[in-house]
Structures are given as C-alpha cells and as structure tokens.
Amino acid sequence: MKKRKNLIIITTILFLVVVVIIGFRNQGTSEVTSTKAAGTDTEEQTGSGAAATEHGEEKSDLDRSVDEMWTAKCEHDILHYTCDECRYELGAVKLSPTVIAENGKSGLINTTPVGTQPFSRVLPLTGEVQVNDTKTVHVSSPLPGIVRRTMVNIGQKVSADDVLFEIDSPEVAEAKADYLKKMAVLQLARKTAEREANLFAKKISAEVEMQEAKTRQAEAEIELANTRTRLTRSGLSSKEIEMLGNSAANTVTGVIAVRASQNGTVLEGHVNSGEFVESGKELFVLSDLSEVWVWANLKESDALTLNPSGSKIPAEVSAQGTGGKKYQGTLDVISGMMHEQTRTVRARITISNSEGLLRPGMFVNVKLLLPGGENVVTVPKVAVLADEGRTFVFVHKEGDYWIRRPVTLGETFGDQVIIRNGLTSGQKIIADGSFLLKSDVLRKKMGAGCAD
Ligand SMILES: [Zn+2]
C-alpha cells in the first residue's frame, strides 16, 4: 500500500516536471504535441479521462466543463470523480454529511444557496463619526455650589446611576434642614390629632378642636411633600431622602451626588474639585457610543436620486485604525438643507458600534448600495477562494460531491460579493469553511512544493 502511494507521488512529480519543461519550451502556444507525461505502468488512459494529459499540457479543472469531467475516467479506469485518489484533479471533493452544518446541526462547513439582490451601483462617500444625539446627555449641576469631588475621567465608561461628581450646595443644606423640620412638625401634628380624637371620643373636648388638629396635620403633610419635591429636584433619590429622615439634624450637609442618567462614555469634562459652579452649566458630556451616527456628504445630484423614506439604503462604513472592520448600517436621514459653498447635502447613517472602535470625530469611508437596479447574484465573501489569480467557489454537484467552479467577481458589499459570472441563483455552495477544502483540491501543487 505504501509502495503504491510512493509510486503515485513519484509519477506525479515526474509528470509535473515534464509539464513544466514542455510548458517552458512551448511558451504561450497551446499546440503542444502529445506526450506520455503521466504514464503509469498500470493502465492506459482512456476516453476523456485523459483530458489532463491528452494535450500534453494540463488543462485546469476550472476550464473544463462539469459534464465532461463527470463522465471522464481516471488512470484507475473508474469514473474520475469517484476515485478517492484522483478526484482532486477535477477540483472535486467528497464531503461526509457529518462535517456540514445543516438544520441546526453544527459542523465545520456551512453551505448556503446562491442568492440575488437588487443592485444598481455602489456610491462611495466620505464621512465623519459623530455621537448619536439621542444617546447623548449633557450633565450639569442641578444647583449652584462647590464641586467637592469628581469621580470620572474623560474616556471612562460609566453605567446608569454611577456617581459622576458631588456638589456642596447651601441650597441643598437648607432644603435638607427644612425637610427635617417639616418632618418634626408633621409628627407633632399627627400626635395632636390622635390625642384630640381620643378626647373627643371620651366627650372631654369639642369636635371643633379635633377638626382643627386634623387640618393642621393635613397642612403639615402638604408642606413635607413640598420640601420633598424640592430635594428631589436638587437631585436626591427617594432612598437618600428616606435615609435623611433617620439622620440627626446636626449631621446634615449640603453635599449631593450627581449621577449618570444612562450608560455611556465620558466625552467631555469641564470641572475640577473645589470649583464653584452655577446651576445649568454643562459639566460633563456622556454618550452611549454603542451606536453612533456617521454624517456623509452627498453631491447635489446624488441627493436628488435618493429617497430614504421610500426604501432603506444599506451602507457600509470602514475606517483606518479599526483593523479593516466593515460596519453595516442604514442611511436614515438626508438633510433638508444644502451646504451653500460645497453644494453638498448631509446624509446620516446609523451604525452599531458595540466594540466602541468608532470614535466621534473619526473620518470614515462610506459606501452606499443604491437600490433600484437589476437583481444580481451574490454570495458571502468567505465562499470565494483564489489561486493563481483565479477566483472560484465550491458548488454542490450531487450527493456528497462538491466541485470548484470559476467565478467572476463584481463589487463587494458588506459580507457579500456580486458574482458577475459563474453561478446562478439557487445553486448550493460552500460558504464558511470553504478554505478547508482548498488545500484538498490543490494537493498536487502542494505536493510539488514539498518536493522542492
Ligand atoms: Zn484514480
């Protein structure tokens, strides 16, 4: 068995050497005289199975028709594609169903049907990353006061409810003290109302006194509620207000914590500890960068042809410094205004940026896939392989057999590439994992490489 294998390897190498020599001698001409380059001592080559050797020069399987190859016989005088030893010469592979991911079953190799999508052209643009305004907050102090501590730095990620800074405000101190006072007043009013109700029940005092006590209690309740509202407006949480009720009046300070209202990254900070700030002055800018906007400039003529409200226009964004990563998004807004000098219109693309690699201010390249054209054949980019300048895809032939077929590529878009030639819609191809099959059909070449 081993001897036979060695023999095959030696004949293969011999064959290659002869092919190279002959190819060299006949530079460029296809009329190569017949030669018995791949002669084996077993059997004569028969029929069309000799396609690879008949003309003395190896014809790539990519240039042969599948029908012809499927009826050819190999040097072992069996159908070439069924021969486990020679099949690779046809660019064909036999795949056990166990390696194919299908119907929810995982596997090394994924298949996909060849699809089509409407396509007119790709419009290249440049753009700039900006924050998504709806996910950006400008944090200010609710009251004037002195900043006691800042807890965050620029670039830091924060979660909703994290403390951004603490401010010491005389107004807060006053409001807290007022709250404690109003609480004491209410407690007293409650006791009085209770006692008056008892006395009235025992017919000791008059009804009017009981009514008066009840009114005073109601008033105290309203006043406490008012100071509570004032504290809430100052930025105290209900929990903090509740805890305030348990503290002694002499421990009350005017310090309040200002918290993040949402998750995000601190983009700007305009305050230091010890600084006095007015209320309403912007101290921090916080933006959730997991989704960003890219603003691109459309030429006047292009803007006229686009109607984002009508159909969704897919967009792809790429930036230097993000490792070649392509971001998919959708054009969702075209500005109603034109820039007077540049005669351009701003277009907005919303992009998911979960890794946070796109940063506001970054310049990016944008591709818009303009709709409205014909349906073109598309396949996932991972399905397409290349060897010596030729591109090919593994197509399902029948049963467990797959065969590589040449394809002519068009524009790429996202993870898809347009196939100008070589495939038709509905054919089944290998998508993810196709590279695993490449080495198998290029075995001969690799074998020759090892022999060097
Ligand atoms: Zn064979």
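S434 sits in the loop between β23 (428–430) and α7 (435–441); helices (H or I, at least four residues) and strands (E, at least two) are DSSP runs, numbered from the N terminus. With a relative accessibility of 0%, S434 counts as buried, where buried means under 20% relative accessible area, exposed over 50% and partly exposed in between (1.4 Å probe, protein chains only). Leaving out residues up to four places away in sequence, S434 touches V382, A383, L385 and F394; contact means heavy atoms within 4.5 Å.

The model is predicted: local features need pLDDT of at least 70, side-chain atom pairs count only at pLDDT 80 or more, and totals for chains, interfaces and linings use all residues. Residues are numbered from 1 along each chain as its sequence is written, and side-chain values use heavy atoms, with hydrogens and water left out.

## Cavities

Rolling a probe the size of a water molecule over the atoms shows where empty space is left. On a 1 Å grid over the protein atoms alone, a cavity is a set of points where a 1.4 Å probe fits but cannot get out, and lining residues have an atom within 4 Å of a point. Grid points are joined across faces, edges and corners, and a volume is the space filled by probe spheres set on the points.

How many cavities of 30 Å³ or more does a search of the whole structure find? The search finds 2. The largest cavity has a volume of about 50 Å³. Its lining is made up of Q117, F119, L369, T378, F413, Q416, V417 and I418. Two or more lining residues come from each of β4 (115–131), β17 (363–380) and β22 (416–421), and β22 gives the most, with 3 residues. By class, the lining holds 5 nonpolar residues, 3 polar and no charged; Ala, Val, Leu, Ile, Met, Phe, Trp, Tyr, Cys and Pro count as nonpolar, Asp, Glu, Lys and Arg as charged, and the others, Gly among them, as polar.

One of the lining residues is T378, which is found in strand β17. T378 counts as buried, at 7% relative accessibility. Not counting residues up to four places away in sequence, T378 touches V114, G115, T116, Q117, Q416, V417 and I418. The C-alpha atoms of T378 and P118 are separated by 9.9 Å, although the two residues are 260 places apart along the chain.

## Salt bridges

Side chains of opposite charge can pair when their charged atoms come close. Here a salt bridge is a side-chain nitrogen of Lys or Arg within 4 Å of a carboxyl oxygen of Asp or Glu, and by this rule the count comes to 18.

| Pair | N to O distance |
|---|---|
| R149 and E166 | 3.4 Å |
| D178 and K182 | 3.2 Å |
| E300 and R343 | 3.6 Å |

R149 forms a salt bridge with E166. R149 lies in strand β6 (residues 145–150) and E166 in strand β8 (residues 163–168), so this pair ties together parts that are 17 residues apart in sequence. R149 is partly exposed, with a relative accessible area of 46%, whereas E166 counts as buried at 18%.

D178 and K182 both belong to helix α3 (residues 170–201), where they are 4 residues apart, about one turn of the helix. Both residues are buried.

E300 and R343 also meet in a salt bridge. This pair links distant parts of the chain, 43 residues apart: E300 is in helix α6 (residues 300–305), and R343 is in the loop between β15 (326–339) and β16 (344–352). E300 is partly exposed at 33% relative accessible area, and R343 is partly exposed at 42%. Elsewhere, salt bridges that share partners join E174, D178, K182, E223 and R230 into one network.

The expected span of a helix is 1.5 Å times one less than its number of residues. Helix α3 has 32 residues and reaches 47 Å from its first C-alpha to its last, close to the 46 Å expected. K203, which follows α3, has a positive phi near 60°.

Helix α4 (residues 207–233) has 27 residues and should span 39 Å; its end C-alpha atoms are 40 Å apart, which agrees. The buried residues of α4 are M210, A213, Q217, A220, L224, T227 and L231, and they pack against α3 and α5 (238–244). Just after α4, G235 takes a positive phi of about 110°.

Definitions and conventions: On a 1 Å grid over the protein atoms alone, a cavity is a set of points where a 1.4 Å probe fits but cannot get out, and a pocket is an open set with protein on both sides within 12 Å along at least five of seven lines; lining residues have an atom within 4 Å of a point.
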